[in-house]
Amino acid sequence: MLGDKRVLLIINSANSTAVCPVCQNPSNRVHSRYTRSLADLPWADLSVRLLLKVRRFLCLNSNCHRTTFAERLGEAVAVYARRTTRLSNQLYQIAMAVGGKAGARLTTHLGIATSADSLLRTLKRVQLPSPPTPRVLGVDDWAWKKSESYGSILVDLERHQPVDLLPDRKETTFAVWLDAHPGVEIISRDRAGSYAMAARRSAPDAIQVADRFHVLKNLGESVERVIQRNYSQVQQVLLTKASRNSPVASTLTNQNLPLKWHTAQKEARFERRKALYDQVQSLKQAGYNLSEISEELEISRRRARVLLQGPPTMKRVIRPTKIEPYKAYLRQRFFEDGCHNAMQLWREVKEQGYEGGRTWLLNYVTQLRQQLVEPDTERTGVQATTQPKPLSDFLYSPRQLTLWFIKDKSELRLSQ
């Protein structure tokens, strides 16, 4: 039967008997008939659909709990399937090769149109082969939902492939898995006590080791604590080295620093770029090409090319703040009236209509205090504010210094 771009085949079974799927006894007594529709592989550019006339038989075994059963049609058609086995295999190969959405677009042109979700369900229904029990097993937790629920992942560290996912990280769950998979010789784990107890109980002969990630993590935390305890001495060493070797550090140590910390940092970075620009220009005048300049100064070719085009400029973006209209009043109250109480000044400008945050006003009062020649410490208790340090490019944090100890020696640069 040939329709519009579709071939419809009506098929009847030729067997006179059928076997009960439960008791395996044959039967020739037909109970009823029904039609089953199946999709099959296309023929040329035509889609093919099979209409199977299926019979339902009575089970002749009085002890069988199945009264009736449908006749089985062999490996070509699975039970309850809506497509033939060979079509399912074809869709599985397409889903494996290109995925869901791309596979759905491809099947439209092949005459076996299906949805992306159907292709993904085809992948999920396939029974994966059971992997062999690993000799070296890695176990760690992972988050189903961070800070709420966690599972465990098991990895074969010799083949570098996941083995299984456990629904939680409890001792009993991991112990049950080890009981079902004997033969593990080495277990690499984190410092969780539940994994250790499960391994001692269900795999007592296995050697337990800490994985590399947690070893480095624990080592880094220990080194960072040591650096933090002695950070004042580290600062002195870094400042001495920076002032001796860096023209930027030596020029910034004696200049008048801006009042705001972020402004000081911006100017420090600008001075560093300017010093680098001078070095690039001097090497260019000495006859170095772009690649040689990049290698000598340990910078990228792109950055060297930009510095060759012209000197760096510092962009100054001045944005008006909500405290701007009240600065004249605050200066008058601070310097002429002698009111140095920031909270009192904040209450006064708030009554005048100030809608900004309190932090903006406190920061501005701090700047005004820095302009006092002699702070009135006896009356207000306010000490002279320390100027910010614009040498963050040279004063590395304890965590940055810790990374130097953990990194491979070949990855460290001379500038570090």
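**Entry 1: two helices**

I started with helix 4 (residues 171-180) and helix 5 (residues 193-202), whose axes come within 8 Å and cross at roughly 35°. The axes are lines fitted to C-alpha atoms, for helices over the stretch in contact, and the angles run from 0 to 180 degrees between N-to-C directions. Helices (H or I, at least four residues) and strands (E, at least two) are DSSP runs, numbered from the N terminus.

I noted that the model is predicted: local features need pLDDT of at least 70, side-chain atom pairs count only at pLDDT 80 or more, and totals for chains, interfaces and linings use all residues. Residues are numbered from 1 along each chain as its sequence is written, and side-chain values use heavy atoms, with hydrogens and water left out.

I looked up the hand of the crossing next, and helix 4 passes helix 5 in a right-handed crossing. A crossing is right-handed if the near helix is turned clockwise from the far one by less than a right angle, and left-handed if anticlockwise.

Then I listed the contact, which means heavy atoms within 4.5 Å. Helix 4 contributes Glu171, Thr172, Phe174, Ala175, Leu178 and Asp179. From helix 5 come Ser194, Tyr195, Met197, Ala198, Ala199, Arg201 and Ser202. I sorted the residues of this contact into 7 nonpolar, 3 polar and 3 charged. In this sorting Ala, Val, Leu, Ile, Met, Phe, Trp, Tyr, Cys and Pro count as nonpolar, Asp, Glu, Lys and Arg as charged, and the others, Gly among them, as polar.

**Entry 2: the whole protein**

I counted 16 helices and 12 strands in the protein. Of its 416 residues, 31% count as buried. Buried means under 20% relative accessible area, exposed over 50%, and partly exposed in between (1.4 Å probe, protein chains only). Among contacts with a separation of 6 or more, 53% are between residues 24 or more positions apart.

**Entry 3: aromatic rings**

I searched the whole structure for aromatic pairs and found 5. Rings of Phe, Tyr and Trp (its six-membered ring) pair if their centres lie within 6.5 Å; planes under 30 degrees apart count as stacked, over 60 as edge-to-face and the rest as tilted.

Phe57 is in strand 6 (residues 46-58) and Phe69 in strand 7 (residues 68-70), 12 residues apart, and the pair links distant parts of the chain. Both Phe57 and Phe69 are buried.

I then took Tyr326 and Tyr354, an edge-to-face pair at 5.7 Å centre to centre with 80° between the planes. Tyr326 lies in the loop between helix 11 (301-309) and helix 12 (327-336), while Tyr354 lies in the loop between helix 13 (342-351) and helix 14 (358-370). They are 28 residues apart, and this pair too links distant parts of the chain. Tyr326 and Tyr354 are both buried.

I also looked up Lys350, which lies in helix 13. Lys350 is partly exposed, with a relative accessible area of 45%. Its C-alpha atom is 10.0 Å from that of Tyr326, 24 residues away along the chain.

**Entry 4: charges over rings**

A charge sits over a ring if NZ of Lys or CZ of Arg is within 6 Å of the ring centre and within 35 degrees of the ring normal. I noted Arg169 over the face of Tyr150, at 4.0 Å from the ring centre. I also noted Arg358, whose charged end sits over the ring of Trp346, 5.6 Å from its centre.

**Entry 5: positive phi**

Ser147 is not a glycine, yet I read a positive phi near 70° there. Ser147 is in the loop between strand 8 (136-145) and strand 9 (149-156), and it counts as exposed at 63% relative accessibility.

Glu298 is also not a glycine and has a positive phi of about 60°. I placed Glu298 in the loop between helix 10 (290-297) and helix 11. Glu298 counts as partly exposed, at 34% relative accessibility.

Is Arg82 buried or exposed? I found Arg82 exposed, with a relative accessible area of 61%. Arg82 is in the loop between strand 7 and helix 1 (85-98). Leaving aside neighbours within four places in sequence, Arg82 is in contact with Ser37, Leu38 and Ala39.

Glu224, in helix 6 (residues 212-229), is buried with a relative accessible area of 16%. Not counting residues up to four places away in sequence, I listed Pro398, Arg399 and Thr402 as touched by Glu224.
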